[in-house]
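User: I am new to this structure and would like to learn how to read it step by step. Could you take me through its features, giving the general idea before each case?

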Amino acid sequence: MAAGNNKTRNRDSRRDFLAKVTRWAVSLISMALLYPLLRFLGFTIKPKPRYVKVAAPLPASGFHTEREFILFVDHGAARAVSRTCTHLGCRVNFLEDKQIIECPCHQSRFTSKGKLISGPAKKDLATFPVEIQSDETGTTTGYMVTL
Ligand code: FES
């Protein structure tokens with residue numbers, strides 16, 4: 001009688017173990033399938049904003065180039081234009097003599113405001129908000145760009 005009970009107990013524990021493994025496997029497969037679906041549907045977690053401070057004054061040319069953006073200041077207004085080309089993601093440069101932004105990869109061209117002039121890019125460059133910082137006398141001390 002005791003041997004029969006042990007067999008039943010072993011079978012039950014094996015069955016429980018297999019049920020747990022199956023549940024875990026189904027959960028993992030569901031998550032593996034759900035993740036790309038959620039990504040496709042646009043459920044992404046926004047990254048925290050990053051801040052880059054550019055000290056004032058800018059050079060007389062009126063622009064300052066950082067790794068991710070070009071900061072332009074004219075007539076007291078500031079704007080930051082992304083350096084990531086909207087075609088295939090190369091890093092664009094501002095050509096001061098022509099007053100345009102050009103991509104070195106396939107020569108897409110943009111205005112200094114990031115508006116598309118010619119392709120192959122199809123979209124304007126992204127822009128970032130810029131906060132002009134000043135001291136108590138009203139003198140501009142820097143520009144805070146939010147990426
Ligand atoms: S990556 Fe800029 S034009 Fe192609």
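**Reading the model**

User: Into which domains is the chain divided?

Analyst: Please keep in mind that this is a predicted model. The chain is divided into domain 1, residues 1-45, and domain 2, residues 51-146, and the C-alpha centres of domain 1 and domain 2 lie 53 Å apart.

User: How should I read the pairing of strands, and in what order do the strands of the open sheet come?

Analyst: In general, the strands of a sheet pair through backbone hydrogen bonds, and the pairing may be parallel or antiparallel. Here an open sheet is formed by four strands in the order β5-β6-β7-β8, with antiparallel pairing. Its edge strands are β5 (93-95) and β8 (116-118), each of which pairs on one side only. Between β5 and strand β6 (residues 100-102), which run antiparallel, there are three bridges, and Phe94 has Ile101 in β6 as its bridge partner.

User: Which strand pairs with β1, and over how many bridges?

Analyst: β1 pairs with strand β11 (residues 140-146) in the antiparallel sense, over five bridges. Within this pairing, the partner of Lys53 in β11 is Met144. As for how well β1 itself (residues 51-55) is covered, it is hardly covered, since the count of buried residues among its five residues is zero.

User: Which residues of the largest nonpolar core touch the most other members?

Analyst: That core has 18 residues, and those touching the most other members are Leu71 and Val81. The elements giving two or more residues to the core are β3 (69-74), β4 (77-82) and β11, with β3 giving the most, namely five residues. If residues up to four places away in sequence are not counted, the contacts of Leu71 include Val54, Leu58 and Phe63, as well as Ala78, Ala80, Val130, Tyr143 and Val145. His64 and Glu66 are also among the residues that Leu71 touches.

User: Where is Thr127 found, and why is Thr127 described as partly exposed?

Analyst: Thr127 is found in strand β9 (residues 127-128). A residue counts as buried with 20 or more other C-beta atoms within 10 Å of its own, and as exposed with 12 or fewer; Thr127 is partly exposed because it has 13 within that distance.

User: Which residues does Thr127 touch, not counting those up to four places away in sequence?

Analyst: Thr127 touches Arg79, Ala80, Val81, Ser82 and Gly114.

How values were computed
Residues numbered from 1 in each chain as written. Predicted model: local features only at pLDDT ≥ 70, side-chain atom pairs only at ≥ 80, totals over all residues. Pairing = 2+ DSSP bridges. Core = buried A, V, L, I, M, F, W, Y, C linked by C-beta atoms within 7 Å. Contact = placed C-beta atoms within 7 Å. Domains from an automatic or database assignment.
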